[in-house]
Amino acid sequence: MSRWLITEQPSPYFVPDNYNTTAGHLKSDSSAFKDATLMGIFHIIPDGLDHLLFLLALVLVMRGAKDLFLAVLLFTIAHSVSLLLATYNVIELPSLAIELTILFSIFFTGALAFLGHPLKHSAVLIIFFGLLHGLGFASAFRDNVILEGDVLWRLIGFNLGIETAQLTFVVGALLARKCLTLSPKADIKVTRAIAVIIMLVTSWWALLIFI
């Protein structure tokens, strides 16, 4: 499944440079792990705009850094679980359903930020949204990684790359928010403006599915 939301093109296929065609196996599992980790990073930054918008909405809707990082931790655990299960075909859903539910998670969180409402039952919702995003990651992983040899090792590397990029973005977004919102009134204006952009972009993406 291509990352059509962003580029309308599939990502390049992951082919380890050190694949030994004569021996028929990888020379170094560590190199495959490194390549998968880098692919996970680039899958989020800069290619994963949909995922970044969800994280940005999460930064806007959560109250305080402690609650934010707890939410990110729950989100990480949830999408790691569904990524693992979907990669091994334990869970299978139509790609259209996955894309639409991911867009809903972004729009819903952005709407809460615009209205100034806290994320009620946040643990349940964040875990649910994390499971949805993990299914999207699994599609990208299956499409772009050679599923042979030690798949689990590459899956761990891919997930590590995702988490590295995710944490980097959240920290950067949190710091930027602190710099832009020096007063409560400014915080409300900035939050609502960004939330509107998030909702408009996700609405446009949803519309593109049916055009």
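Trainee: What makes us say that helix 2 meets helix 3?

Mentor: Contact means heavy atoms within 4.5 Å, and His51, Phe54, Leu55, Leu58 and Val59 in helix 2 meet Leu68, Ala71, Val72 and Phe75 in helix 3. Helices here are DSSP runs of H or I with at least four residues, strands are E runs of at least two, and both are numbered from the N terminus. Keep in mind that this is a predicted model: local features need pLDDT of at least 70, side-chain atom pairs count only at pLDDT 80 or more, and totals for chains, interfaces and linings use all residues. Residues are numbered from 1 along each chain as its sequence is written, and side-chain values use heavy atoms, leaving out hydrogens and water.

Trainee: How do the axes of helix 2 and helix 3 cross?

Mentor: They come within 10 Å and cross at roughly 145°. The axes are lines fitted to C-alpha atoms over the stretch in contact, with angles from 0 to 180 degrees between N-to-C directions.

Trainee: Why is Val90 called exposed?

Mentor: Exposed means over 50% relative accessible area, buried under 20%, and partly exposed in between (1.4 Å probe, protein chains only). Val90 has 58%, so Val90 counts as exposed. Val90 sits in the loop between helix 3 (65–87) and helix 4 (95–115).

Trainee: How much of the protein is buried?

Mentor: Buried residues make up 43% of the 211 residues.

Trainee: Which elements does the protein have, and in what pattern?

Mentor: There are seven helices and two strands, and along the sequence they follow β-β-α-α-α-α-α-α-α.
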